[in-house]
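Please open the model and follow along.

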Amino acid sequence: MKQLAPIEAWFAQQGWRPLPFQRRSWRAHLRGESGLIQVPTGSGKTYAAVMGPIANLLAEAGVTERGSGQGLTPGIRLLVLTPLRALSRDLALALQQPIEAMDWPIRVGIRHGDTTTSERTRQLRSPPQILITTPESLALLLSNAKAPQLFGQLQAVVLDEWHELMGSKRGSQAELCLGWLRALRPMLRTWALSATIGNLEEAAQVAVGVGTVPTLITAPLRRGTAIRSLLPEAIDGFPWAGHLGLRMYEELVAALDPAITTLLFTNTRNQAERWHQCLRFACPELEGSLALHHSAIDRAEREAIEAGVKAGQLRWVVATSSLDLGVDFQPVERVVQIGSAKNLARLLQRAGRSAHTPGGTAQVLFMPTNALELLEVSAMRRGLAEGLVETRRPPGLPLDVLLQHLVSLACGPGFVPERELRVVRSCWSYRHLSDADWAWCLRFLEQGGECLGAYPRYRKLQRAALAPGGQIDRDATPAPGDPFAYVVREAAIARLHRLNIGTITADRAVTVRFVRGAVLGHVEEAFIGRLKPGDVFFFAGRQLEFVRLRQMTAQVKATTRKSSTVPAWAGGQLALSDLLSRQLRQELHRCAEALAAPADGLGGGQSDGDPPAGLDSPELRALEPLLRRQADLSRLPRSDELLVELCESREGSHLFAYPLEGRFVHEGLGFLWAWRLARHRPSTITVSVNDYGLELLAPRGYPFAELLELHGEMLLDQQQLEADLEQAVNLSELCRRRFRAIAQISGLVHNGQPGQARGGGQSQGGQLQISAVLLFDVFQKHEPGHRLLVQARREVIEQQLELPRLAAALQRLADSRWQLETPRRPGPLAFPLLVERLNSRLSNESLLERVQRLVREAQRAEGVG
């Protein structure tokens, strides 16, 4: 194709040859197709997606292989959506490279929350040909009355890191925006990019919308991932979270090389802060070469860290998911994963930050935080070798996002309800939107619904007349029975809505700022609320003394006083994915078979001291003493078995079960089983869970064995699952918490305007919570069928309690053989569950002392200490 000649010329100038999948992508785009490109991280998928649209731009400008042409008029032709602001800078640099080298007449712009007001104004006045933005900023652009003119020349949309967006409400927001753009530009082409997603066909269909057959472009490229685990010198039979972790920092430091640029990933911001603090203490000579990066740190500092890594000035960076997407760090040679990634796709993403070039091999050093995580990394290595990766599912019918989108359109160009319904139903997540739900949304936004009609702030939409040509006359009121459109006329409503577009909420954030100086970042209000003036805490790599809280800003000053207090952010716990849970059950099955084999006959060629043949990974061989202790005290469960252990202690009667389904499923199972057992024999039952199993603790003498024998089948009954689960957990309170986020996204409540004063000492976050709770109670009493109440309940049941996965787990357990054991005392699989329960009621200091005492008691009882 002649249109590709300038692209081929630039590749030749770089000394590159386009890969076959890149050429297939360009040609598919030029044929007018849409779809999804999936290749490993660092294989060149960005150029595969953007060079087709750029070829169209160059043809429009008359640019030939030699670079001549007459130029382009302003106007957005290519829109690139990215989930992270940090990615936008990298994408812009990647696009500028050929544009500047070949002197192509194309401007690239970036627009997100950090873009200056002057730059935003310039972009509206003279739009660039390529705009890189986020879903939130795109939604904000659609709330501008000039949106049809702004996007009137749009030819293509590229969705970067689509797997990250698709599984969230931000993905639903992107779908709705894309639907509107396709209605404006029917020939619009959409290309999604992903390196790690299991359900390719569904992901592609969600990206291109209903009615378009997507083109899938993949390549037989395999990036090597070399995983090496740091193994402790000895593993005892009592693993618990934190048992290895920070206590192995000397082994980690010894395994690292200050000359090798390394990203050290943790799963939570709290862990990142602790490990950064630990490494600063252990390696003072790295001061200035060691950094901390997570999303709560101020933007300017994060950008400086990213630039320092690319320039080779920073050698070690402790980070969270804030750096595990497509940011291009070619100097990075090694990745360290601290603690289990809990998810194959997450490990692949993080591994891909090293050797971020085609054909490179990612180097991952795994640092366990407890012994059982070695089982997980062994299962991960096997799963990656088999090419497995998790699926992502889009949310189903999130009406809060739809309500926000409709108000955005009404603030901007306005919308005709009949036309917009067709557009919304063209979006995959809303393809089953019913007429009744649509009518409810419009009535809710226009009249405030059944309960809020008396309050003008909830009557957001007004009807506007349609001119004969179908144009919307915002200032004219339609006659009764005439066609009409919806608009927002109240400037205050439009202003407040734009300030809150894209609000996917967490706990209320409090800015951390030096008393006289720079902003450090933000922590959650609940943490700051526990501090008194003079308290010291560790944040953003600094020891800070809390001075005062003033208008949602925590004022601090630097101090040399030491403290181990680190902020904890909500949503910190990760659970095993469904796919990794299956892999883990197979891994444990392999261990059970391997340890049982010698019992069938010792002449199998295994000499004394050699590990069994089935323990075929370094992690499993290191775990052999722990696995044997579990087998001696109880048994190792096979993949078609459910191991249940009953024992007595001074604390009471214990039931331990090991479904190996992940923490969140075990929470549902634990509360469900406790409620069902207590229904037959009333008692107070305490529940403790982790990724491997659950513990039910009842008073001494509680007849667990008798109840299992008489009523065991009722624990797995699915007939009354949802009803029993509602009785087992405080569903109303869970729904109330979930409703708070839904209310904010839908525009029922707002954070308020920047700098807005609050009287009476009541924080914005407190007012937000009170307003949401008040609305929840009003709707429950006066409009129990309120669609947002229904949505809150559905999200709690399906997402928080994972009802579909819980039901599948119950069915699997019903088909499994139950193995009931009565060990003398809790074994290696049970011990972490005991500590999990202690951790919920003790401080870190007393927890360590209590765990050490438990270990000593267990060792004395077994005659080994």
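Strands β19 (residues 536–539) and β20 (residues 542–550) form a hairpin with two residues between them. In the turn, alanine 540 has a positive phi of about 55 degrees. This is a predicted model, where local features need pLDDT of at least 70, side-chain atom pairs count only at pLDDT 80 or more, and totals for chains, interfaces and linings use all residues. Residues are numbered from 1 along each chain as its sequence is written, and side-chain values use heavy atoms, leaving out hydrogens and water.

**Strand pairing**
- β19 and β20 run antiparallel and are joined by four bridges; strands pair if DSSP finds at least two bridges between them.
- Strands here are DSSP runs of E with at least two residues, and helices are runs of H or I with at least four, numbered from the N terminus.
- On the other strand, glutamate 545 in β20 stands opposite valine 536.
- Glutamate 545 also stands opposite lysine 557 in β21.
- β20 and β21 (residues 553–558) run antiparallel, with six bridges joining them.

**Helix packing**
- The axes of α6 (residues 135–142) and α9 (residues 169–184) come within 9 Å and cross at roughly 40 degrees; axes are lines fitted to C-alpha atoms over the stretch in contact, with angles from 0 to 180 degrees between N-to-C directions.
- α6 and α9 are therefore oblique to each other (under 35 degrees is roughly parallel, over 145 roughly antiparallel, 65 to 115 roughly perpendicular, and the rest oblique).
- The contact (heavy atoms within 4.5 Å) involves residues including Leu138 and Leu142 of α6 and Cys177 and Trp180 of α9.
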